[in-house]
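Reader: I am new to this structure and would like to go through it by question and answer. Please show it first.

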Amino acid sequence: MTTPPLVTFVDQSGQLGGAEMMLLDAARAWRDRCRVLLLEDGPFRASLIDAGVDVRVIELGRGATEVRKAAGPTAAFRSVPALVRGVRQVVEALEPCGVVYANTLKAAVVAGLAARRRRVPMVMHLHDLPTAGHFTAMNRRVIRFAATHLADAVVANSHAAAVALRSIGARPRRMTVAYNGFDATAWHHDEDVARVPAVPGGRFCVGVFGRLTPWKGQDVAIRALAQTDDAHALIVGDALFTEEDRAYAASLRTLADELGVAPRVHFLGHRHDIAALMRRCDAVVHCSTAPEPFGRVVVEGQLAERPVVAAAAGGVLEIIDDPRTGRLVPPGDADALAAVLRELQDHPDEAHLMAHAGRIAATSRFSIDAMLAGMDRVVRDLLPPGGSRPSGERPPTLTHASARD
């Protein structure tokens with residue numbers, strides 16, 4: 001008889017966003033004792049399969065998938081039939097299960113209701129800032145309900161996220177902060193960089209990495225670039241979710257044309273060689289116009305040992321010690337960003353020292369071991385004495401070694 005899964009991870013997205021990258025590492029580490037339920041199909045499923053993870057897709061249907069952060073009551077009402085069907089399907093899929101681990105907010109609602117039906121504990125992992133700048137009032141009420149009444153524990157990916165959750169009135173039974181973790185060695189292979197074409201003319205190169213969506217602020221980077229003499233920018237990422245995102249992606253090319261910098265702005269689309277691309281850059285820029293719950297790109301830029309310039313808000317403030325390990329600029333301020341970029345270009349030795357200090361700090365603070373240990377403690381505390389594991393067997397500890405064997 002096979003050993004039943006200890007943890008069932010549930011994620012609403014089939015795309016590879018920041019939350020999904022975190023889950024990929026966690027599921028890989030615990031692949032012999034977990035499975036993943038996705039509420040939408042997409043590239044994420046293939047990545048989980050490649051990692052040897054048991055994954056199943058339960059499609060919620062269009063009515064539910066259209067409920068996004070900016071959704072109002074009408075969209076929520078239309079989603080009810082699809083959500084009810086989804087809960088029923090998840091209830092069936094949770095047999096057997098020790099702990100349900102909801103990795104996204106929509107998953108927390110669906111999986112939380114299903115977990116109550118199955119009478120198994122549920123962890124909600126918070127990768128968002130549930131504030132008015134990101135979510136409608138209706139969605140904030142749903143998040144408050146899920147965190148307070150459905151989740152047995154909440155794991156937040158930053159103190160900023162934890163504070164934001166409490167600010168909307170959520171009162172979780174327990175709250176733990178576990179920063180996202182990274183494999184530092186994956187971001188420092190010079191042999192990979194040799195396969196990435198150099199920027200034309202060997203100019204100073206700025207890298208902007210992330211999904212193309214208005215609040216990620218790629219337009220701020222382009223406006224800052226226009227205030228430099230000869231710097232180039234790599235815009236890495238694509239529009240993933242909405243028509244608004246796709247319209248924004250098109251507007252970025254128009255903006256570059258209008259500012260006369262189109263030859264210096266290189267749109268690379270979605271890429272898998274992010275580490276090598278970062279190593280090819282002279283600086284990594286994070287320019288979100290709204291606070292980030294964490295800021296994966298900021299840590300990744302530090303691990304690639306590149307000077308990082310980031311928007312000073314949200315979880316980013318817990319990552320960068322300005323000016324020792326990176327630079328902070330006001331969100332949305334293209335003038336301030338341009339000034340820092342010119343400074344980095346004019347003082348390469350100081351930029352190199354800052355980049356080196358950033359790598360050392362990121363390697364010590366944001367390891368996969370630390371992230372998985374925090375998750376492990378939460379799951380271990382929720383498991384019943386008998387649970388779904390064999391009698392007397394302790395749940396495995398998620399370690400860096402198990403994640404990479």
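Reader: Is Arg119 buried or exposed?
Author: In this predicted model, Arg119 is found in the loop between helix 5 (105-118) and strand 5 (122-126). Its relative accessibility is 79%. Exposed requires over 50%, so Arg119 counts as exposed.

Reader: What is the phi of Arg119?
Author: Most residues other than glycine have a negative phi. Arg119 is a residue other than glycine, yet its phi is positive. The value is near 60°.

Reader: Glu305 also has a phi on record here; is Glu305 buried or exposed?
Author: Glu305 is not a glycine, but has a positive phi of about 60°. Glu305 lies in the loop between helix 12 (296-303) and strand 12. Buried means under 20% relative accessible area. At 13% relative accessibility, Glu305 therefore counts as buried.

Reader: How many disulfides does a search of the whole structure find?
Author: A disulfide needs two cysteine sulfur atoms within 2.5 Å. For Cys205, the closest cysteine sulfur is in Cys281, at 3.9 Å, which is too far for a bond. Cys281 is accordingly in no disulfide, with the sulfur of Cys205 as its nearest. The number of disulfides found in the whole structure is zero.

Reader: Is Cys281 buried or exposed?
Author: The cut-off for buried is under 20% relative accessible area. Cys205, at 1% relative accessibility, counts as buried. Cys281 has a relative accessible area of 2%, so Cys281 is buried.

Reader: How are helix 1 and helix 2 oriented to each other?
Author: The axes of helix 1 (residues 18-29) and helix 2 (residues 43-50) come within 10 Å and cross at roughly 20°. Angles under 35 degrees count as roughly parallel. Helix 1 is therefore roughly parallel to helix 2.

Reader: Which residues make the contact between helix 1 and helix 2?
Author: The crossing of these two helices is right-handed. The residues in contact divide into five nonpolar, one polar and one charged. From helix 1 they are Glu20, Leu23, Leu24 and Ala27, and from helix 2 they are Phe44, Ser47 and Leu48.

Reader: How are helix 9 and helix 13 oriented to each other?
Author: The axes of helix 9 (residues 218-225) and helix 13 (residues 334-346) come within 8 Å. They cross at roughly 55°, and the crossing is right-handed. The two helices are therefore oblique to each other.

Reader: How many charged residues are in the contact of helix 9 with helix 13?
Author: Helix 9 contributes Val220, Ala221, Arg223 and Ala224, and helix 13 contributes Ala334, Leu337, Ala338 and Leu341. Arg counts as charged. By class, the contact has seven nonpolar residues, no polar ones and one charged.

Reader: Which residues does Ala162 touch, not counting those up to four places away in sequence?
Author: Ala162 is found in helix 7 (residues 159-167) and counts as buried at 3% relative accessibility. Its C-alpha atom is separated by 8.3 Å from that of Thr176, 14 residues apart along the chain. The residues Ala162 touches are Ala156, Met175 and Val177.

Key: Residues are numbered from 1 along each chain as its sequence is written. This is a predicted model: local features need pLDDT of at least 70, side-chain atom pairs count only at pLDDT 80 or more; totals for chains, interfaces and linings use all residues. Side-chain values use heavy atoms; hydrogens and water are left out. Buried means under 20% relative accessible area, exposed over 50%, partly exposed in between (1.4 Å probe, protein chains only). Axes are lines fitted to C-alpha atoms, for helices over the stretch in contact, and angles run from 0 to 180 degrees between N-to-C directions. Helices (H or I, at least four residues) and strands (E, at least two) are DSSP runs, numbered from the N terminus. Angles under 35 degrees count as roughly parallel, over 145 as roughly antiparallel, 65 to 115 as roughly perpendicular and the rest as oblique. A crossing is left-handed if the near helix is turned anticlockwise from the far one by less than a right angle, and right-handed if clockwise. Contact means heavy atoms within 4.5 Å.
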